[in-house]
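Please look over the structure below before reading on.

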Amino acid sequence: MDLNLAEKVVIVTGGGSNIGRGIVLAFVKEGANVVIAEIDEAQGGKTAKDANALSGGKAIAIKTDITNVDSVTAMVKKTLEEFGKVDVLVNNAAWVMDRLFVEKPRAEWEREINIILWGNINCTRAVLDHMIERKYGKIVNIGSDAGRMGEFREAVYSGAKGGVIALSKSLARELGRHGINVNVVCPSLIVPESKEYVSKESMWGEELMAVFTPEAQEKAAKAYPLRRLGKPEDIANATLFLASDAASWITGQTLSVDGGYVMM
Ligand SMILES: NC(=O)c1ccc[n+]([C@@H]2O[C@H](COP(=O)([O-])OP(=O)(O)OC[C@H]3O[C@@H](n4cnc5c(N)ncnc54)[C@H](O)[C@@H]3O)[C@@H](O)[C@H]2O)c1
């Protein structure tokens, strides 16, 4: 199936690191032009360089803090100046610190909610006037199985991800009449392949990386019907499909891409 993504203009938030990086590379390989809206400027630049070494579209990194409306507005303005349109928004950036609810400082809850919910709301709002005017747009929100099932030591993160799912369904109802699709892809565990692919602002700090040794990953994989953990490409494949016109009659849906971990 040809997804016809060549020449599409795609914004990927948090596109410098791990899953976001995989999504950026996959879009560029399909010939799309991609803006990496990333708070870690150096990591965004590194991913753009890797993407531009592939044959396909072009990638640029724009330093963006998605929790800050002015920063997001400036990023969308620069995108329009550089590429002339926005076809696809992938709200991917997130953050979590694993900790029991009763042991967690308020500042961590706020950071999780600000990035996951406010970041999504800010970026979505910033592209909508343009998408509505063109009567065309695809929004793919990267959720989490935690937002469907709940997760031990990730209560507020899970709540925020559940919020992303409900937000997406509501927006799908409002925006369908304007030719805009809104869907959610929910990953399960995807450990970065290398520290090189991880941003300074990533949830994959030293502490979490140390937990997922190769032995721990092998053990964790046994909980998955397909007996392996995920790779960024797994999420990228589903994201590209939902961002394409091949999925033009799909909206308001939540798709777990997770080796069968969650079935609903
Ligand atoms: N990796 C997993 O196991 C897993 C599992 C379930 C869901 N997810 C979801 O997949 C998505 C990507 O996860 P990941 O593992 O690649 O995470 P990651 O932490 O490696 O990447 C997140 C990116 O967002 C960027 N970012 C953070 N704050 C930002 C801000 N304010 N403005 C702009 N960019 C900001 C970071 O610099 C980083 O590049 C997230 O939505 C996450 O919740 C991941």
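Which residues of the largest nonpolar core touch the most other members? Of its 62 residues, these are Val10, Val24, Phe27 and Val34. A nonpolar core here is a set of buried Ala, Val, Leu, Ile, Met, Phe, Trp, Tyr and Cys residues joined through C-beta atoms within 7 Å; a residue is buried if 20 or more other C-beta atoms lie within 10 Å of its own, with C-beta atoms placed from the backbone. α1 gives the most to this core, namely seven residues.

The model is predicted, and local features need pLDDT of at least 70, side-chain atom pairs pLDDT 80 or more, while totals for chains, interfaces and linings use all residues. Residues are numbered from 1 along each chain as its sequence is written.

Val24 is in contact (C-beta atoms, placed from the backbone, within 7 Å) with Val12, Gly15, Val34, Ile36, Thr47, Ala51 and Ala59, leaving aside its neighbours within four places in sequence.

The protein chain has nine helices and seven strands, which are DSSP runs (H or I, at least four residues, for helices; E, at least two, for strands) numbered from the N terminus. Of its 264 residues, 47% count as buried. Among contacts between residues at least 6 apart in sequence, 74% join residues at least 24 apart. The C-alpha atoms fill a box of roughly 45 × 40 × 40 Å along the principal axes.

Around the ligand stand 33 residues, the closest being Gly14, Ser17, Asn18, Ala94 and Ser199; a residue counts as near if its C-beta atom, placed from the backbone, lies within 6 Å. α1 (18–29) and α4 (106–134) each supply at least two residues of this shell, and α1 gives the most, with three.

Terms used
A residue is buried if 20 or more other C-beta atoms lie within 10 Å of its own, exposed if 12 or fewer, and partly exposed in between; C-beta atoms are placed from the backbone. Two residues are in contact if their C-beta atoms, placed from the backbone, lie within 7 Å.
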